[in-house]
Amino acid sequence: MFKKIIAASTAKSPWIYHINTGSCNGCDIELVAVLTPRYDAERFGFKLAGTPRHADIVVVSGPITSQSKDRLIRTLEQVPEPKVVVSIGSCPKSGNVFKGSYSVEAPLDKYCKVDVSIAGCTPKPEAIIEGLYKAAQILKEKREAMNK
Amino acid sequence: MINVLATIKIIVKTLIFPGAFFAMAAGLLLAGIDRKVLARMQKRIGPPVMQPTYDFFKLMGKETIVPHAANRRVYMAAPVVGFVSLAVMMLFIPIGGWCAFTGDADLIVILYLLTIPAVALIVGGSASGSPFAGIGISREMVTMMSYELPLIIVFLAVAKKVGGDQLFFGFRAITNWQIANGPMIAQLAMIPAALAMLLIIPAEVGTQPFDVAEAETEICEGPLIEYSGAPLGLFKLNTAVKMLVMTSLFTALFLGGITSGIHTGITLWGIAIVDHILRALIHVAISAVITVVSMTTIHAATARLKIEHLFKFYWTAVTGLALISLILVWIGF
């Protein structure tokens with residue numbers, strides 16, 4: 001019974017940790033906009049966590065510069081299971097306009113499994129909310145898989 | 001063999017009402033009301049009232065990581081110690097004029113027990129071995145020092161008011177005095193002390209303007225930085241239960257005896273269960289009102305203070321308010 005309660009609660013209380021890997025700040029601003037009174041993602045239980053140890057969903061923005069690559073991998077390892085990785089914007093997906101640069105090591109799925117990828121440059125807040133909501137459902141599935 | 005029933009009663013009191021289970025359920029409810037009302041004040045829809053409960057159960061199901069630098073035993077034991085002391089405190093605080101354990105020095109016991117959750121946070125944070133936690137625990141210590149002094153003065157003022165020539169620290173004496181003379185807050189001399197107490201509650205719980213120790217945007221939640229999973233959930237639960245304990249303490253000191261008139265006369269196995277349930281419900285409702293007045297409103301209207309401003313505020317304004325009450329009571333108002 002407790003396992004069912006825990007799995008149900010997991011979908012309702014996803015805490016976000018945001019990593020900026022050299023983003024232009026556009027996606028970061030839109031992600032913060034999602035938490036403001038106009039869009040209010042807190043009604044689904046989303047909360048911005050201060051440290052990766054508290055996080056359930058890791059949101060990655062930016063084209064992953066060489067400088068931030070090692071830090072990104074280290075931070076992702078610090079997040080306790082079950083965790084979900086969400087890429088936000090076109091940069092972590094493909095490198096966007098920075099593709100081919102000597103200092104950009106773009107696709108994020110080279111370093112970890114990306115569960116949800118929100119496209120757009122920058123994605124609209126509505127798209128981000130939908131993506132994060134899907135991530136919360138995946139989080140629940142991962143928690144249920146841990147029970148078996 | 002004689003005391004089997006008495007032992008069962010003590011176990012029920014400690015584990016169910018008004019101990020651990022009641023403290024958990026009511027504390028999480030108050031935390032939920034706080035978040036919901038805060039959201040409505042900011043023109044948001046806000047999370048459901050059950051949100052802190054979901055958070056708690058989610059954290060129970062997360063992986064618990066213990067860092068290499070941490071002292072494992074202290075790191076895992078700290079949140080449990082904090083929760084136990086909070087649950088014990090609920091046994092001493094009267095709910096509708098009735099308390100599980102009574103003595104002649106309840107307020108002094110509570111003063112000591114009240115430091116334990118903060119000390120647990122400090123010990124747990126320092127056991128995690130993170131430099132951010134180091135900054136957090138030094139701030140937590142300063143916060144503790146700032147609110148302890150006015151809190152002691154408020155307790156002294158109440159004890160002197162009840163005792164007359166002596167100091168009465170027992171909750172039974174305080175509640176009986178208030179049943180006879182009306183709630184403490186209606187006394188002119190005690191209004192500054194009540195205001196001081198309302199300002200002490202947010203610092204003790206650690207909500208917005210006074211959450212310097214757990215500032216998530218500057219020092220990544222301070223002492224809690226390395227915690228994850230079940231111990232983190234317990235620390236979050238401690239914060240919620242602290243809300244219940246502090247608001248109950250306010251009710252007991254300044255609004256005592258309001259619900260003691262409830263007598264339905266229905267008993268089950270010799271215990272007036274219906275009376276207890278009614279009183280507990282009214283008690284939680286009063287606690288919710290105090291939570292909104294003292295924590296949510298201030299939270300919605302202010303930004304985080306610096307630690308030196310917090311210290312200065314408590315040792316001047318709040319201590320001053322409490323002292324006014326103490327002096328007024330001492331000269332006979």
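Which residue in S3(A) does Ile16(A) stand opposite? I looked, and Ile16(A) faces Ile57(A) there.

Housekeeping: I'm working on a predicted model, where local features need pLDDT of at least 70, side-chain atom pairs count only at pLDDT 80 or more, and totals for chains, interfaces and linings use all residues. Residues are numbered from 1 along each chain as its sequence is written, with chains lettered from A and ligands numbered from 1 in the order in which they are written.

Sheet. I get an open sheet of 5 strands in chain A, ordered S2-S1-S3-S4-S5, with parallel pairing. The edge strands are S2 (47-48) and S5 (116-118) of chain A. Strands are DSSP E runs of at least two residues, helices H or I runs of at least four, numbered from the N terminus; pairing takes at least two DSSP bridges.

Pairings. S1(A), residues 15-20, pairs with S2(A) over 2 bridges, and Ile16(A) stands opposite Leu48(A) there. I count 5 bridges from S1(A) to S3(A) and 5 from S3(A) to S4(A). In the latter pairing, Ser61(A) sits opposite Ile88(A).

Burial. I checked S3(A) next: 5 of its 5 residues are buried (20 or more other C-beta atoms within 10 Å of a residue's own, C-beta atoms placed from the backbone). Ile57(A), Val59(A) and Ser61(A) point one way, Val58(A) and Val60(A) the other.

Crossover. S3(A), helix H3 (residues 66-77) and S4(A) form a right-handed β-α-β unit; right-handed means that, with the strands pointing away from the viewer, the path from the first strand over the helix to the second runs clockwise.

Terms used
Buried ≥ 20, exposed ≤ 12 C-beta atoms within 10 Å, placed from the backbone.
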